Amino acid sequence: MANSNKSKTNSNSVPSAKYGLGLIAGILYLAFGIMQLTATVGFTMPFYESLYITGGIFNAFVLLVTAAVFLTGILRMNRNTAEADAFLDVGFLLSLAFGIVAILGTLAGGLDMWIGEEEEIVEGMLETVTPLLYMVVFGFLGYCLWAKDLFRKVVAA
Amino acid sequence: MAENKKLRLGLIGNPNVGKTTIFNAITGARQKTGNWPGVTVEKKTGQVTHKGVDIEIIDLPGTYAITAYSPDEIIARDFILDEKPDVVVQIVDTTNLERNLYLTTQLAEITPNLMLALNLTDFAEAQGLAVDADKLSKELSIPVVKTVGTRKEGINELLDAAIGLAGSGKGTCAGSCTSCTSCGGFVNFSPKTEDAITKISEVLAGDASLTSKYLTRWLAISLLEEDANVIEKVKANSDLYAKLSPVLSSYSPEVAEADIADGRYTAISALAQKVRIGKVESKISPSDTLDHVLTDKWLGIPIFLALMCAAFDLTFTFGAPFMTLIETVVGWISTFAVDNVPGLLGSILGDGIIAGVGSVLVFLPNILILFFVLSILEDTGYLARAAFIMDRPLHALGLPGKAFIPMLSGFGCNVPGFMAARTIEDEKDRLLTLLVTPFMSCGARLPIYVLFAGVFFTANAGEVIFSLYLLGIVIAIVSAFIFKRTLFKGEPAPFIMEMPPYRIPTLFAALEHMWSRGELYLRKAGTFILIGAVIVWALASFPVGVEYGSQESYAGALGTAIQPIFEPLGFDWKISVALIFGFVAKEVVVGSLGVLYGAGDDEGALTDALLEDPVMSPVTALTLMVFTLLYLPCVAATAVMRQESGSWKWTGFMVVYTCVTAWIVSFIVANVAKLFI
């Protein structure tokens, strides 16, 4: 009886690795979102360039929304684990989706340079990089480890 | 040669059960399908020959009941009642059997030629909700087949059963009896209600013209429910109605209505228990899990906006290299035409057709990408959630939540947007929605945004385009707010919408949807835009002897005549002419500018010409995009507005209102933008 209760609790709880990754992703998305916002209004720091933070209200908004989804999941951990789990899963899916859009944008930048017969294709591609592109690593990891199950359930349903 | 037998088959069912998917599977047509209710708002017809029988298939709008309230539901009901198809096939969502059977109980009362197609059986089986089709058929005494529309499974069996039912002679029942399974339905109501039905039926039997046309039991039930449409039919015979009045007044309509509904639900519950295979376990579905987040009170709208941002960013950035490619090809063709075709023909080809049509064709990749993304969002079931999360702000401002569906459809094209307003029952709410739908930025306006945002706001083009779509929504909501407090006073109707389950979209369906939009765009380029380009070329070339595209040409004279209206907005005569021709189709604005700027000669000519024109600046470009967003929709959409509103007065009002709004908002934008840009 005690064992069955224990297994029930475990099946409803969010794995600590998922919690950890969601927390890190949430904080980083928030930080990058704020930095993008500051860059948009003209305030820049020396390290912004190396992180490809070039400003843009769209990028800032998307980063902040993704951060909000992750952090809401973290905040709801104590209240409702199923709901927290759902927020983290959707956070990973959004991170993946926005990351794919960023990757396609960068590839398109390179393709445009190539069609225009310009030489600095790689430089052209790097100009289009945004934090959404490298932050996709969280979406990819989260999808492969956890969110894929939700995706599979939707396919099955 | 012997002529084939003929058969008319109507497809009916609740919204979003896959009727159009079945219709497409039977006929091979490519009618639009979608994972949300209300995709089909008018009946569509297709043909198929099966085993020597010519079958005409009619796809009817979705309806939850035949006590029709909204125009699309009335279309479905009137078709069965008045046109009497040989077979009525109700498409049933097997995952939601009980709710779908409510319509079955009513259909069985109005037609003896009913059969069921249990669709989405794959989803039902995956969820442990399988149904024994044979047992259901036996219980209802009607044919029942299983189908999976998306995989075209069970289609032959459906057609076999339909032909069998039509040949069974079941439909020849005169309908004057009250209890046979052919014309009495399968629900027994309480003794008091049954007694009322019998008494009313006896009186109705005195009118042969009525009972030969409609099933008596259904007429009796509808009279008890005070169905306005049926009362009107009966009132046509004043003697009959006089005889019926004392019988009807002895029964309380509220009690009868409640008893009838109760009888139906009791019968459905008992039936579902008998035909279900296996036991359903209560569990949280993956759709519920996703809805926790995507329809969240606080995050639902920001997530929706973020996804839309991404969609428009992708449309612009990923479309860019393909635009360059088409631009290059158009440049080559134009140069070849100008170099090799002499005289006036060379000019009409190079300066007119290629410059005009080519300027528009360049934006085909953006159209394809945007509709591919929207198709993915729609097929997953997400857009239905978007309607749900937008209900609260819309309702607060006086718009019915249901208005968001026509508004969303309007993003594709205003024509289906206007038609989707049919799902709104309340006349005032429907008119209100029709009046604000033109502010939804249709796909035809996208080329104008991509051109001007790309040229004058290169670094933030995606954001500018997204802001324009957002501005359209804001103006629509503000307009609705004003109309609701002046022209259409009253509380908006509550919004009830069934959330479809999330589904993984198929690449084929998304590509098909994308291509159907692309095809439409290409067809427009080959017709309206081509004709528009030739007319603009002619206006820019004549009278003989004037410099091409100069102010002395007819185009210049026309533009100069109307320019005073547009001058406060910063537009010159060329833009004024392009905007006038934009009424034919919005893409013609770009086509006309292509012709007037002589953009066919080489790659990127229109872009360069715009940058070199001293009249054009980022402020003028922004003002022009705002004006194009808001001013009257194209001629086709205006005609559909007239059809859907049934009024020239409201159509005229829409034309004037959109133009005045466009001018005022553009004037504000022009003057405010000057301070920042």
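Guide: Let's start with a definition: buried means under 20% relative accessible area, exposed over 50%, and partly exposed in between, using a 1.4 Å probe and protein chains only. Helices (H or I, at least four residues) and strands (E, at least two) are DSSP runs, numbered from the N terminus. This is a predicted model, where local features need pLDDT of at least 70, side-chain atom pairs count only at pLDDT 80 or more, and totals for chains, interfaces and linings use all residues. Residues are numbered from 1 along each chain as its sequence is written, chains are lettered from A and ligands numbered from 1 in the order in which they are written, and side-chain values use heavy atoms, with hydrogens and water left out.

Visitor: What makes strand β5 of chain B largely enclosed by the rest of the structure?
Guide: Six of the six residues in β5(B), residues 114-119, are buried, so the strand is largely enclosed. In a regular strand the side chains alternate between the two faces of the sheet. Here B:Leu114, B:Leu116 and B:Leu118 are buried on one side, and B:Met115, B:Ala117 and B:Asn119 are buried on the other.

Visitor: How do you know which strands β5(B) pairs with?
Guide: Two strands pair if DSSP finds at least two bridges between them. Six bridges join β5(B) to β4(B), residues 87-93, and the two run parallel. B:Val88 sits opposite B:Leu114 of β5(B). Three bridges join β5(B) to β6(B), residues 144-146, again parallel, with B:Lys146 of β6(B) as the bridge partner of B:Leu118.

Visitor: And what makes β2 and β6 of chain B edge strands?
Guide: The open sheet has six strands in the order β2-β3-β1-β4-β5-β6 of chain B, with mixed pairing. Both β2(B), residues 44-50, and β6(B) pair on one side only.

Visitor: Why are α14 and α17 of chain B called roughly antiparallel?
Guide: Two packed helices are described by the angle between their axes and the distance between the axes. The axes are lines fitted to C-alpha atoms, for helices over the stretch in contact, and angles run from 0 to 180 degrees between N-to-C directions. Angles under 35 degrees count as roughly parallel, over 145 as roughly antiparallel, 65 to 115 as roughly perpendicular and the rest as oblique. For α14(B), residues 300-317, and α17(B), residues 364-380, the angle is about 150°, with the axes 8 Å apart. Therefore the two helices are roughly antiparallel. Contact means heavy atoms within 4.5 Å, and among the residues that meet are B:Met308 and B:Phe312 in α14(B) and B:Ile369 and B:Val373 in α17(B).

Visitor: What makes α23 of chain B oblique to α29 of chain B?
Guide: Helices α23(B), residues 461-486, and α29(B), residues 618-630, pack at about 45°, with axes 10 Å apart. That angle makes α23(B) oblique to α29(B). Residues that meet there include B:Leu468 and B:Gly472 in α23(B), and B:Met625 and B:Leu629 in α29(B).

Visitor: Why does B:Lys84 count as partly exposed, and B:Lys152 as exposed?
Guide: B:Lys84 has 40% relative accessibility, so it counts as partly exposed. B:Lys152 has 55%, so it counts as exposed. B:Lys84 is in the loop between α2 and β4 of chain B, with phi near 40°, a positive value in a residue other than glycine. B:Lys152 lies in the loop between β6 and α6 of chain B, and its phi is near 60°.
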